[in-house]
Amino acid sequence: MTNSKKYIIGNWKMFKDRTSAVRDFSLLVELLGKNQGQQKNFVAIAAPSVFLSVLSEKTKSFVEVFSQNAHWEQEGAFTGEISVAMLKSISVSGSLVGHSERRQFFGETDQTAGKRVGALLRAKMKAVLCIGESLAERESGQLEQILRKQLLSAIEATGLGEEREFLGDTPENPLFLIAYEPVWAIGTGKSATEQEAEQAHGLIRTILAERFGKTFASCVPILYGGSVKLENIETFLACPNVNGALIGGASLDPNLFAQMCIK
Ligand code: PGA
């Protein structure tokens, strides 16, 4: 990556109630506000959908509010879904897509994930495409094959072809991001080693370069996710191909998370 800015995104999953969500987000804004001089990183919280509206009223330029999912249609008979247009109307600036929990429990596929990414990028919102292998896939030597399939199938399903549609108008602040999250490391306390993360990120960068060229590949931030915590975040961020972190459990405490954002 040409710039050294890191992307730190908290994933609150299905935790908190209105009171704690507002309290914790407000504290995060306050803590990061005090560190404005030091903080050069991009920070966002992917919050449960019912809190997006109230939290987006409290955002500042240095901490954004993301959704955890977004539907590809503008509107329609899709009970339980939220459209990109709805998110945009309440100033949500991006969304996670294809998280492994969506894939595992809610039938998300590379194709549906790709359609969501396409809708977000067309609306000039950020899309964080989550990919990663299971333990069985890793142990049977399928890491590269799985990453290639997940990445290229989703890109194909976006329906977009131009690099500019993925990067947006400011390639130094691209719309398309990838989170590499090995399924066996999510919520388990057992993170990948920095060598494992760097290797997978290198593979992802190579696959992107084969598809779109080296310049494009160097612009796309690749975040590591899976049991990232205060004690290990720096080692991940020091890896040349790791451009940030997607943080679940350790993002729930705003004091802890704020410290991770200024690493
Ligand atoms: P974790 O979750 O940090 O709790 O492992 C990461 C994620 O699911 O994005």
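Guide: At 0% relative accessibility, Ser-95 counts as buried (buried means under 20% relative accessible area with a 1.4 Å probe, protein chains only). This is a predicted model, where local features need pLDDT of at least 70, side-chain atom pairs count only at pLDDT 80 or more, and totals for chains, interfaces and linings use all residues. Residues are numbered from 1 along each chain as its sequence is written, and side-chain values use heavy atoms, leaving out hydrogens and water.

Visitor: Nice! Which strand is the place of Ser-95 in?

Guide: Ser-95 belongs to strand β4, residues 94–97 (strands are DSSP runs of E, at least two residues, numbered from the N terminus).

Visitor: And what does the side chain of Ser-95 reach?

Guide: It reaches the backbone nitrogen of Asn-69 at 3.2 Å.

Visitor: Switching topic: how many residues surround the ligand?

Guide: There are 13, and the closest are Lys-13, His-99, Glu-181, Gly-187 and Ser-227 (near means a heavy atom within 4 Å).

Visitor: What lies 2.7 Å from an oxygen atom of the ligand?

Guide: A polar side-chain atom of Glu-181 does. A polar backbone atom of Gly-187 is also 2.7 Å from a ligand oxygen, and one of Gly-249 is 2.9 Å from a ligand oxygen.

Visitor: Last one: which residues are buried in helix α2?

Guide: In α2, residues 49–56, the buried ones are Phe-51, Leu-52, Val-54, Leu-55 and Ser-56 (helices are DSSP runs of H or I, at least four residues). They pack against α1 (18–34), β3 (64–67) and α3 (84–89), with contact meaning heavy atoms within 4.5 Å.

Technical notes:
Buried < 20%, exposed > 50% of the residue type's maximum accessible area, 1.4 Å probe, protein only. Polar contact = N/O pair within 3.5 Å; in protein donor to acceptor, adjacent residues only side chain to side chain.
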